[in-house]
Amino acid sequence: MLSFFFFDPLLMNPVYLVATLLGIIVTTWAQHRVTSTFKKFAEVGVQSGMTGAEAAAAVCRSGGVEGVTIERSSGFLSDHYDPRARALRLSPDVYDGRSISAIAVAAHEAGHSIQDAVDYAPLGWRSTFVPVAQVGGRAWYFVFIIGMFLNSSEAILGPLLMQVGVALFAGLVFFQLLTLPVEIDASRRAKAVLVSTGIVSNQQEEEGVSKVLDAAAMTYVAAAAASIMQLIALLMRSRRE
Ligand SMILES: [Zn+2]
């Protein structure tokens, strides 16, 4: 949200302004929802009495994953799987927690390590695309703005730069869309193993796990939706010239 630190000339465009505001609303809503769902189910224990770290280890074992370390990291909902280090980094609430939330998130991250172990293709594509998305995600804005300013004096370079900016942003959107199947698949694997191993042993626990994981997945859907709206607004802005 670079645009809030200085005057953003793109926000003069009403379509872009509305798209940006809608994007902020949906992503903030999804973030709030995952936080409140996580906190709610962090108060609810599971019969198996396992911690998140124990659940992650069990899910890894049952998924045939070997050589992955499970580490306690810092932060809140900062949990992730690092495919390069082959490490599951779990936040303290998840690592030590004996709750539906802790087990759901830990199992989800273990689900990513299963994807890695079975060479689940979209995870590989996603990892390959990370550097491209990182560079494009930062550069698109400046390229687009420079194009916008040059537009009146440079009849070819101006519009060209705007189109390059849009293309870079589209790359970022593509990356976000690629993230969706990876995230949904990790949760699907997590749920299946939690139930089959008995870590989650009744319907109430199962529903709780689903609610936590669905709320987490919704943050990725919201981020992608926000970017798609922004992309449409950028396309409209670049076509207008
Ligand atoms: Zn994930």
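This report walks through the helices and strands of the structure above.

## Before we start

This is a predicted model, where local features need pLDDT of at least 70, side-chain atom pairs count only at pLDDT 80 or more, and totals for chains, interfaces and linings use all residues. Residues are numbered from 1 along each chain as its sequence is written.

Helices (H or I, at least four residues) and strands (E, at least two) are DSSP runs, numbered from the N terminus.

Let's begin with α1, which covers residues 14–42. Its 29 residues reach 42 Å from the first C-alpha to the last, close to the 42 Å expected at 1.5 Å a residue. The expected span is 1.5 Å times one less than the number of residues in the helix. Buried residues of α1 include Y16, A19, T20 and G23; here "buried" means that 20 or more other C-beta atoms, placed from the backbone, lie within 10 Å of the residue's own.

Now look at α6, residues 157–196. This helix has 40 residues and reaches 59 Å, close to the expected 58 Å. Just after α6 comes G198, with a positive phi of about 80°.

## Helix α2 and its neighbours

Which residues of α2 are buried? They are G52, A55, A56, A58, V59 and C60. These buried residues pack against β1, β3, α3, α4 and α6, where a contact means C-beta atoms, placed from the backbone, within 7 Å. After α2 comes G64, whose phi is positive, near 75°.

Two packed helices are described by the angle between their axes and the distance between the axes. For α2 (residues 52–62) and α4 (residues 100–117), the angle is about 35° and the axes are 8 Å apart. Axes are lines fitted to C-alpha atoms, for helices over the stretch in contact, and angles run from 0 to 180 degrees between N-to-C directions. Among the residues making this contact are A53 and V59 of α2 and I103 and A110 of α4. By class, the contact has 11 nonpolar, 3 polar and 1 charged residues; Ala, Val, Leu, Ile, Met, Phe, Trp, Tyr, Cys and Pro count as nonpolar, Asp, Glu, Lys and Arg as charged, and the others, Gly among them, as polar.

## The strands

Strands pair if DSSP finds at least two bridges between them. β1 (69–72) and β3 (87–90) pair in the parallel sense over 4 bridges, and E71 stands opposite R89 in β3.

Strand β2 (residues 80–82) runs antiparallel to β3, joined by 3 bridges. Y81 stands opposite L88 in β3. The hairpin of β2 and β3 has 4 residues between the strands, and R86 there takes a positive phi near 50°.

Notes: Contact = placed C-beta atoms within 7 Å. Buried ≥ 20, exposed ≤ 12 C-beta atoms within 10 Å, placed from the backbone.
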